[in-house]
Amino acid sequence: MAGYVEMFRLGKTYDTLSGPAVIVEDFNLNMKQGEYASLLGHSGCGKSTVLMMVAGLCEITDGGVVVANHEIDGPGPDRGIVFQSPCLMPWMTAMENVLLGVDQVYPHVTKKQRHDLSAYYLSLVGLGNQLRTRASDLSQGMQQRVGIARAFALKPKMLLLDEPFGMLDSLTRMELQEILLEILMRDKVTTMMITHDVDEALFMSDRVVMMTNGPCATVGAIFDIPFNRPRVRTEVLEHPEYYDYREKLLCFLADQDHKKLKQDVAQHEAKKAEGINEEDSVCA
Ligand SMILES: Nc1ncnc2c1ncn2[C@@H]1O[C@H](COP(=O)(O)OP(=O)(O)OP(=O)(O)O)[C@@H](O)[C@H]1O
């Protein structure tokens, strides 16, 4: 079935000193418009590689990505990105940081309209009173709010989030999760988020996509998360099936852990049999 966003037979091979390394292989995922999917998997399995291919910031070596009937070919304003660190221009104000992208994407509308659009999203993330504050004078949580406002202000068709709350304390993290969900309810942007946090994935997502270990990582399992929207944290946590879902996700990760351990031991034994000293080969 075709989706609003389609990732088909997506693959990434890097050229490395020891030859081609297939990091992601045959990754298939269709998303409905307005859907929120989280990508979960072990560190280094290839989550960011998938996200960066969808963003158009990492060359696709196999398959492709279609967003709203348009096969992507590099980055574009139809896809907004929020990284773990917001990467703002520290000498510019919150408003100027948001306007940087808005001015580029909407050169045909008036200056006032661009200003109003930026101010609108900055107030939605709770920075209505900090429009003229320099980014360097904002806390980390506030800077991440600017990053979120900046992404939404471009009115993207798809939002890509790479551990957007990873550097925040738990209170700010929960607050920003809720703000993000609120804006998404209004704007209905199709969203893909990388996270390492099972509870975050359950709270935010319509589906959780579990990736297998690399190399040749792919979709290992997909879980539909049925909690009602708008989501209220206490209701989600008290849902009779919450801990069943949590357990399913954790079991998948534990199973991948077990496979990785076996893989590492087999690799180590093979190297030993070939007489390769691993410390020498790392330093070589
Ligand atoms: N430019 C590159 N050249 C070669 N290998 C790379 C390159 N970039 C990433 N890799 C490898 O690809 C694999 C997947 O990396 P990626 O960052 O996508 O994983 P991840 O699942 O997002 O990790 P994490 O959860 O730790 O952020 C890793 O083994 C990494 O070393």
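Reader: Which element gives the largest share of the shell around the ligand?
Author: That's α1, with three residues. Helices here are DSSP runs of H or I with at least four residues, strands are E runs of at least two, and both are numbered from the N terminus. Keep in mind that this is a predicted model: local features need pLDDT of at least 70, side-chain atom pairs count only at pLDDT 80 or more, and totals for chains, interfaces and linings use all residues. Residue numbers start from 1 along each chain as its sequence is written.

Reader: ok, how many residues surround the ligand, and which are the closest?
Author: There are 13, and the closest are Y14, S43, K47, S48 and T49. A residue counts as near if its C-beta atom, placed from the backbone, lies within 6 Å of the molecule. The elements giving two or more residues to that shell are β1 (5–16), β2 (19–31) and α1 (47–55).

Reader: How does the shell divide into nonpolar, polar and charged?
Author: Four nonpolar, eight polar and one charged. Ala, Val, Leu, Ile, Met, Phe, Trp, Tyr, Cys and Pro count as nonpolar, Asp, Glu, Lys and Arg as charged, and the others, Gly among them, as polar.

Reader: Back to α1. Why is it called largely enclosed?
Author: Because seven of its nine residues are buried, meaning that 20 or more other C-beta atoms, placed from the backbone, lie within 10 Å of a residue's own. The buried ones are K47, T49, V50, L51, M53, V54 and A55. Just after α1, G56 has a positive phi of about 85°.

Reader: And which strands does α1 lie across?
Author: α1 lies across β1, β2 and β4 (62–67), at about 115° to β1. Contact means C-beta atoms, placed from the backbone, within 7 Å; axes are lines fitted to C-alpha atoms, for helices over the stretch in contact, with angles from 0 to 180 degrees between N-to-C directions.

Reader: What's the strand order in the sheet with β1 and β2?
Author: β2-β1-β4-β5, an open four-stranded sheet with antiparallel pairing. Two strands pair if DSSP finds at least two bridges between them. β2 and β5 (70–71) are the edge strands, each pairing on one side only. Nine bridges join β1 to β2, and T13 sits opposite V22 in β2.

Reader: Switching topic: what's the order in the six-stranded sheet?
Author: β6-β7-β8-β3-β9-β10, open, with mixed pairing. β6 (79–82) and β10 (219–224) are at the edges with a single partner strand each, so one side of each has no neighbour in the sheet. From one strand to the next, the twist averages 20°.

Reader: Which helices pack there?
Author: Among them, α4 (residues 140–153) touches β6 and β7, its direction making about 175° with that of β6. α8 (residues 242–273) lies across β3, β9 (207–211) and β10, at about 175° to β10.

Reader: Is β8 buried or exposed?
Author: Five of the five residues in β8 (residues 190–194) are buried, so the strand is largely enclosed by the rest of the structure. T190, M192 and I194 are on one side, T191 and M193 on the other, and both faces are covered.

Reader: Which strands are joined to β8 by bridges?
Author: β3 (residues 36–40) runs parallel to β8 with four bridges, and S38 stands opposite M193. β7 (residues 158–162) is also parallel to β8, with five bridges, and D162 has I194 as its bridge partner.

Note on methods: Buried ≥ 20, exposed ≤ 12 C-beta atoms within 10 Å, placed from the backbone. Contact = placed C-beta atoms within 7 Å.
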